Structures are given as structure tokens and as C-alpha cells.
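Morning, everyone. Let me walk you through one model. Please have the sequence and the coordinates open.

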Amino acid sequence: STFSRDLAVLAVLALKEQTTDLSLASHEDIAVLDAMAGAGLRGGRYLAHNAASQVWCNDANTDITSLVRKNLDGINKGKYTVTAEDVHHLLGVSLPSQSTTFDVVDVDSFGSKDGNVLLFNALRCLRIPQRSSDDDNNNNNNNNVLRGSLLYVTCTDGFAGSGRGPLRALSAYGCYTRLSPSCAETGLRMLAGAAIARANDLGLACRVVFTHYSPHGPVYRAMLHVSRRADYHRWRSRRDSEGAEGSSRSKTNQNMVDPSLGALDDYAFVGSCRACCGRLFQVPWSRLGHVTCPSCGSFGGGDGRHDAGVSVAGPLYVGPMHDLSVVRQMRGHSQMLGWDDERIAWSTKKPHGACSSLGELLERMEGEAHPLVGLGIFKVPDVTKTAGARTMPAIKRLLAALQDDGFVAERSHVDGTAFKTNASAEEVRSFVRMLEADA
């Protein structure tokens, strides 16, 4: 979609400038691989907006090779290479045999077949900076910036991501998903978690830059910053010890990054409690046999469909949906480029409450990145029904009421009626009942 290409370009522009804690290893001569390029529009966008100086566009369909060249010629910027190989052969054989690597690997794949294999081979094609002697100096500024490359991956298997086809998710990504009101977010976490696990196999670490869900399809996308695992541990420990904004650990939390976890400190299970409107909560590996909802005390045993207990999904990514500092930089670039008012052209009827413009999408993503909102979403129809209310409040009115009372409450981009908050399900229900009484 247009939005997914916009987000990719904005992320590269933000990380090129090293204005955040995350940075690209290269800042001048950035090379991008568009492994499943189609007509070359994705690769062309990187060149057109100076996000890259060279792109490699590949698509197995030999009938469109000349069209890809024509589209890239029309941009008249940077260098490009066009190939027509099977993506598995390209990533697994051709590029490694030539020792060809890239600063950004963009794999806009279809479905979920061979998901883990595709992720593993894509990671091997990234240009990962080697440790330098300067990095051993604790006073060096390199300790404040995590240098690496970017991996942009896609899944279009709605059955796997939503929990309707958990065995498909398990086969493709090593994650058993469950059906819940937060299934769109769970699909994003499934994809990001699989990339994190495969990176760990290679001695690498991933930090989620952003995730993006599109209801048509549906389509799950994740942009991840990939670095050496040792570099990640030093960066993460410093960030968490200082209580950096957006960190998933507070300054007073002594449970800092454990090297024995590899790069899997944000890789665990989630529980979904039906009594709390499907609210997600993290389930550490050590608690798998003793799962209870932290809000209402319901215990495990539910399957996410029928039982009133807690169902467990995973392992998957349990950290922030987006990197707050990077998303803010992306918003700044979007405003400078005049993209904020760019509207999406829906091929079908626009879903109620869905984002209408890129600016609105980035605003919601910034809200979702708030360090206090945690896992999962609430949907206004669900909390209205379980609250016993007869009228559903407007989402803006409900969020304003929560915020006025000191809670964090932000709209989610995955669904027009969804929001994220640090309030409990019962607290949200009480606000719904209060708003109905005041009406």
C-alpha cells in the first residue's frame, strides 16, 4: 500500500540522520534490496526520496523485468540492479555466494509459507557493522547509538496472524496464536517475534522500529533494526538503567537485560483474558504453568473462543509496538515533505474509524508507542457490552474521560474502535457506565 511505502522511506530517512538512539551503520551510500519488487514501485520510492543511493529490485516474474527497468529509469536518481530470481534462491544462495549485503532488506512477501526460512535468509543479507576498537571505550559516543541495518517484512496470512489458524502460525513462524479482540496486534507481534528469534540464531538482535496493520488482506508489516547481539546488550542495558523514554523497563526495575536470554528479552508469551474484554498481558517463560490474569485473577485453561478463562499465545514479541523516538522523527520528516495530508484510496468501503491520512496514522502510532499503554487493545463495542450499557460512547469522549482522570489512553491504528490504555477493564467499564449516566 502507499502508506507502507511511505513508512519505509520515512524510517530510513530518520535513521540516516542519527538523531535517535537507533542508527543505520551507513549514512551516505545506502543500499536497499527489494526482494519481491513487483513493478519496482517500492524500490523506486527509496531512490526518489533520497532514502537510498542504490537499489536492487528482484521479482521472479520475468515478464515484468522490462517494466521494472522502465519505472526505475524514470526516476533518474541513484543506481539500480534488476534481477528475476526466486526469492529463496536469491536470499539463500545467490547473494550469500557473492557476499553481497544491504543496509535495508525489504521483503514484501505473500502469505506465510516458509516464513521462518525467508526471515532467516533475509537477515543473512543485511550489512551488520563489525565491532571496532573505539567501541571498547565506555566514554565513546558510540555507546549511546545502536548502529545496524533495517529489515522490513510482511505477512498476509490472516488465519495465522488472527488465531483462526494457529497451526499455520506455528508452522510458519514458530508461534501458536489465539483468537482475541487484540488479534490484529497479535499478528504483528507474531511476525516481529519470529524475526527476533531468527536473528538470535545468527548472533544478532532486533529492535522494533514500527509495526503496521492494514485491514485489507489483512497485511501485517514490521520494520526492525538489526545489530550485533553484543552491541544490543550494551545499548539496551545503558538505555534501561537511565530510564530512557520508551524503554520497557523502568529506572527502578533491577531486572535488566540478561545476556543468557540472547536477544530474546522482549520475546515471551501473552495471555488473553475473556473476563477483561480480551485484554493481553505478558506471560514470562517461568510462569507458563501458573498463568492468571493480573487484573481479575482468572486462571488459564481457555482456548480464546469458548472458555471464560485465560488463553495463552506465543512465543511472540512483547515489547513496544513502535520506537517512540523514531516515530517522532518520522512525523517530522512527513511534515517537511508535505505528506501528512496524503489520503489513502480504499479499494472497498473505508472501515469505520480507520486512519484517513498518513499524518493521522503517524499520530496514532506515536500514541501506541507510549511506554505505559502495554500489551493489547480494548474495543469500544466490547467494553460497552460487558459494562451492561445500552449506548456506546464515542471513542473520543471515552478517551478524554480516561485522560482527564489521569490514565494514558490512545487510539490504535489497527481498528477504528480500538484504543490502548493503562486502565484496567473494570476501570474502563466504569467510565462507559458513567458516560451513559451523564448523557
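Start in helix 9, residues 229–241. Asp-231 and Arg-234 sit three residues apart there, so about one helical turn separates them. They form a salt bridge, and the closest N and O atoms are 2.4 Å apart. A reminder before I go on: this is a predicted model.

How buried or exposed are the two partners? Asp-231 has 15% relative accessibility, so it counts as buried, the cut-off being under 20%. Arg-234 comes out at 33%, which makes it partly exposed.

Stay in helix 9 for another pair. Arg-236 makes a salt bridge with Asp-266, with 3.2 Å between the closest N and O atoms. This one links distant parts of the chain. Arg-236 belongs to helix 9, while Asp-266 is in the loop between helix 9 and strand 9 (267–273), 30 residues apart. Arg-236 has a relative accessible area of 0%, so it is buried. Asp-266 is buried too, at 9%.

There is also a network. Arg-42, Asp-106, Asp-108 and Arg-221 are joined by salt bridges that share partners. How many salt bridges are there by this rule? The count is 20.

One more pair, this time in helix 8. Arg-198 and Asp-201 meet through their side chains in a salt bridge, 3.0 Å from N to O. Both lie in helix 8, three residues apart, about one turn of the helix. Arg-198 is buried, at 17% relative accessibility. Asp-201 is partly exposed, at 49%. In general, side chains of opposite charge can pair when their charged atoms come close.

Now the nonpolar side. Which residues have the most contacts inside the largest nonpolar core? They are Leu-33, Leu-91, Val-105 and Leu-224, in a core of 55 residues. Helix 8, residues 183–201, gives the largest share of this core, nine residues. Take Val-105 as a case. Leaving out residues up to four places away in sequence, Val-105 touches Leu-33, Ala-122, Cys-125, Leu-126, Leu-150, Leu-151 and Tyr-152.

Next, helix 7, residues 166–173. Its buried residues are Pro-166, Ala-169, Ala-172 and Tyr-173. Why do they line one face? Down the axis of helix 7, these buried residues fall within an arc of 135 degrees, so one face of the helix holds them. Leu-167 and Ser-171 are exposed on the other side of helix 7. And what covers the buried residues? The cover includes helix 5 (115–124), strand 6 (146–155), helix 6 (158–162) and helix 8. After helix 7 comes Gly-174, with a positive phi near 70 degrees.

Definitions and conventions. Residues are numbered from 1 along each chain as its sequence is written. This is a predicted model: local features need pLDDT of at least 70, side-chain atom pairs count only at pLDDT 80 or more; totals for chains, interfaces and linings use all residues. Side-chain values use heavy atoms; hydrogens and water are left out. A nonpolar core is a set of buried Ala, Val, Leu, Ile, Met, Phe, Trp, Tyr and Cys residues joined through side-chain atoms within 4.5 Å. Buried means under 20% relative accessible area, exposed over 50%, partly exposed in between (1.4 Å probe, protein chains only). Helices (H or I, at least four residues) and strands (E, at least two) are DSSP runs, numbered from the N terminus. Contact means heavy atoms within 4.5 Å. The arc is that of the directions from the helix axis to the C-beta atoms. A salt bridge is a side-chain nitrogen of Lys or Arg within 4 Å of a carboxyl oxygen of Asp or Glu.
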